Amino acid sequence: IRYWSEILPRVCAELDTTRAYWTDSPWSGSLERHANDPDHGDRHTWDLKLDAYRTMVPRFTSEFGHQGPPNMESLREALGEEALRIGAPELAVRQRAWGGDEAQYAPYLAAAFRPARDFGEWLWQAQLLQARAMETQITWLRANPDRNAGSLFWQLNDVWTGHSWSVVDARMRPKPAYHAVRRAAAPRLVTVQPVGPAGEDGGHALRVVLVNDMPSKWAANVIVRRIDVHGRTLAEGQCGVLVRPRGMDASIDPFDIVGPPGDPRSEGLVVDVPSQDDAIGEEMPLANHDRMRAWWWWAADRDQPEVTPKFDVSMGKSIADRSVQIHARTLVRDLWVEPACDWVECSPNLVSLLPGERAHLVLRVRGSDAGAPVLRMHAH
């Protein structure tokens, strides 16, 4: 303790006067307080998951994460085709977290989704949970800047093809969580969060939150829609907000614009802040461009009416890359596109589209194979 709290800080101060010394992580600033105290210093948040993240706003979250499996093609390369089944021992042996799959996946999958019908669907659900967890925590903390000073997540990449908390797998392929983190951590963010006044039930009212971490002000045109699970617009309105540089605005009550849900089980909110890149070619954003969009659903996926997403897919090829174009015929939620080949990047990915919208993905593969790859796709 003396080494950490006396000797090292003294030596560091002598050698480098430009930066502060922090004793440990997590650390509350004093041995008299619990090291993981959310009211002091930095905190490692592993005791909360998914929606429970919103029950706490630490001063600085220096470690959090959610486990997710590698991508399908990475698993095939490492374990072979026979391992691509639910409960396969070849994959189970690579589960090194406490409690195994029963602790890391089962309760969260059961609370969120209907039972998976095959391994591909199970993999997508497990990866989607990780993506949602990362996005929920990052956006929640960014929506509370008066108390929270930032966050660091565990982890970026990985050393082997197994279950882990990374957002990029061992073959350097981004998982769905990578795309969720990229959107959640963008310099400008729109999100829907329960940060309004508390109600009689103790819950907080929803607000549209705009976070501007840029040095310039942000004149945002905010479009709010209340939709159903088929993507039909039930109510719509818009308003303009000017967000100060390095600032946040939570003044928009979505109920003031579109009213409360008539049927919470089958309705949600979608909030858009359009940019010039959103209106290219029948609402097809540029490749690698994510719409500035936020979603909110009142019911878990498993409790919503079951619908079948419909969309058209076409592919093209440039000198170095392929393009994948998606045209949504219905509401398409959490669409994950993974090529069945030695791919490097498919971006943007994990996209959600309203009926009639299009997305343009760039696909990069290793090698010089000229054949069009088969695309594995999941959505709901």
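**Strands, a cavity and a loop**

Modeller: In β15, Cys-346 has Leu-363 as its bridge partner. This is a predicted model, where local features need pLDDT of at least 70, side-chain atom pairs count only at pLDDT 80 or more, and totals for chains, interfaces and linings use all residues. Residues are numbered from 1 along each chain as its sequence is written, and side-chain values use heavy atoms, with hydrogens and water left out.

Biologist: Which strand does β13 run antiparallel to, and how many bridges join them?

Modeller: β13 (residues 343–347) runs antiparallel to β15, with 4 bridges. Two strands pair if DSSP finds at least two bridges between them. Helices (H or I, at least four residues) and strands (E, at least two) are DSSP runs, numbered from the N terminus.

Biologist: And how many bridges join β11 to β15?

Modeller: 6 bridges, and these strands also run antiparallel, with β11 covering residues 322–328. Arg-322 stands opposite Leu-363.

Biologist: Is β15 mostly covered or mostly open?

Modeller: Mostly covered: 6 of the 8 residues in β15 (358–365) are buried. Buried means under 20% relative accessible area, with a 1.4 Å probe and protein chains only.

Biologist: New topic. How many cavities of 30 Å³ or more are there?

Modeller: The structure holds 1, and the largest cavity has about 40 Å³ of space. On a 1 Å grid over the protein atoms alone, a cavity is a set of points where a 1.4 Å probe fits but cannot get out, and lining residues have an atom within 4 Å of a point. Grid points are joined across faces, edges and corners, and the volume is the space filled by probe spheres set on the points.

Biologist: What lines the largest cavity?

Modeller: Met-72, Gly-120, Leu-123, Trp-124, Trp-336, Glu-338, Arg-376 and His-378. The largest share, 3 residues, comes from α6, while α6 (119–142), β12 (332–339) and β16 (375–378) each supply at least two.

Biologist: Which residues of α2 are buried?

Modeller: Met-72, Glu-73, Ser-74, Leu-75 and Leu-79 are buried in α2 (residues 72–79). Their cover includes α3 (89–92), α6, β12, β13 and β16. Just after α2, Gly-80 has a positive phi of about 90°.

Biologist: Last one: where is Asn-36?

Modeller: Asn-36 sits in the loop between α1 (2–15) and β1 (42–45). Asn-36 is buried, at 17% relative accessible area. A polar atom of the Asn-36 side chain lies 2.9 Å from the backbone nitrogen of His-44. Beyond neighbours within four places in sequence, Asn-36 is in contact (heavy atoms within 4.5 Å) with Pro-26, Asp-42, Arg-43 and His-44.

Definitions and conventions. Buried means under 20% relative accessible area, exposed over 50%, partly exposed in between (1.4 Å probe, protein chains only). A polar contact is a pair of N or O atoms within 3.5 Å; within protein, one must be able to donate a hydrogen and the other to accept it, and residues adjacent in sequence count only if both atoms are side-chain atoms. On a 1 Å grid over the protein atoms alone, a cavity is a set of points where a 1.4 Å probe fits but cannot get out, and a pocket is an open set with protein on both sides within 12 Å along at least five of seven lines; lining residues have an atom within 4 Å of a point.
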